Amino acid sequence: MILLLTHQTLVMPPRFFHAGEIYAGKTVELEMTTGHHAARVLRIKAGDSIILFNGKGGEFSARIARIRKTATQVIIDQFNAIERESPLAIELVQAICVNEKMDLIIQKSVELGVTSIQPVTTTRSIVRLSEERAMKRLQHWQRVIISACEQCGRNFIPAIFPLVALTDWVSNKNSKTKADHHLNFMLSTTGKESLKNLPRPSLNTHLTLAVGPEGGLTSEEENILQQANFTPLRVGKRILRTETAALATIAALQMCWGDF
């Protein structure tokens with residue numbers, strides 16, 4: 001006898017970030033770009049259910065009240081205290097790389113559960129940004145993060161910090177961070193440690209993961225990080241691209257110690 005097993009997939013209503021105040025019974029107007037995406041791309045119509053969140057925790061069930069060319073009005077029905085955060089607090093310190101790779105790393109690391117992202121410049125970084133361009137990229141990355149949260153169901157927005165040099169970031173970290181409840185890793189082709197051999201950290205441990213650019217960190221940069229209590233970590237025997245290395249390691253952290 002052959003048995004055919006079927007299951008229903010729970011489909012989440014479309015989710016949108018709304019920076020303004022939200023509460024049950026309120027009528028809000030979506031930002032023009034959000035409203036355009038809802039109506040023109042997702043083909044949402046008046047009466048359809050959606051979810052709004054403002055990044056402060058929890059989400060709001062809502063429905064489309066009216067769609068116009070210049071405005072989309074939404075009625076808020078109720079607040080739902082739902083969170084989908086990982087039990088791990090992971091900070092990703094990512095050496096800046098070319099635009100498409102950087103966007104991918106930021107988008108997918110948010111989906112995988114990082115709590116904050118610190119872009120850094122390193123000796124071998126291919127991308128060099130002026131202060132003005134760096135600020136524009138920061139604004140772009142913030143939009144990438146919000147979009148990722150809309151997609152994956154997170155109701156807290158991970159922080160992304162302004163671009164700084166790796167050495168400056170390490171100096172600042174050393175002046176502020178206590179060794180207790182912090183576990184620091186850097187990806188290195190010379191690393192000997194493997195996650196599976198490390199003891200499980202306590203629940204309130206803050207994890208920091210430093211990942212180099214396309215050409216990797218220099219030996220001097222690795223020494224600076226080791227002096228700042230970063231453990232060189234090797235993910236398998238193969239050499240991974242920077243975007244693969246970051247995402248694979250975050251997934252491994254979630255598998256070993258998080259919510260996978």
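Here's a quick look at the sheet and a few of the helices in this predicted model.

Being a prediction, local features need pLDDT of at least 70 and side-chain atom pairs count only at pLDDT 80 or more, while totals for chains, interfaces and linings use all residues. Residues are numbered from 1 along each chain as its sequence is written, and side-chain values use heavy atoms, with hydrogens and water left out.

Let's start with the sheet. Five strands make an open, mixed sheet ordered β1-β3-β4-β5-β2. β1 and β2 sit at the edges with a single partner strand each, so one side of each has no neighbour in the sheet. From one strand to the next, the twist averages 40°. Strands (E, at least two residues) and helices (H or I, at least four) are DSSP runs numbered from the N terminus, and two strands pair if DSSP finds at least two bridges between them.

β4 and β5 run antiparallel, joined by eight bridges; E59 has N80 in β5 as its bridge partner.

| β1 | 15-17 |
| β2 | 27-29 |
| β3 | 49-53 |

Now the helices. α3 (residues 131-152) lies across β1 and β3, at about 150° to β1. Axes are lines fitted to C-alpha atoms (for helices, over the stretch in contact), with angles from 0 to 180 degrees between N-to-C directions.

The axes of α2 (residues 99-112) and α6 (residues 242-257) come within 9 Å and cross at roughly 5°. That makes the two roughly parallel (angles under 35 degrees count as such). Contacts (heavy atoms within 4.5 Å) include K101 and L104 on the α2 side, and T242 and E243 on the α6 side.

Conventions: Angles under 35 degrees count as roughly parallel, over 145 as roughly antiparallel, 65 to 115 as roughly perpendicular and the rest as oblique.
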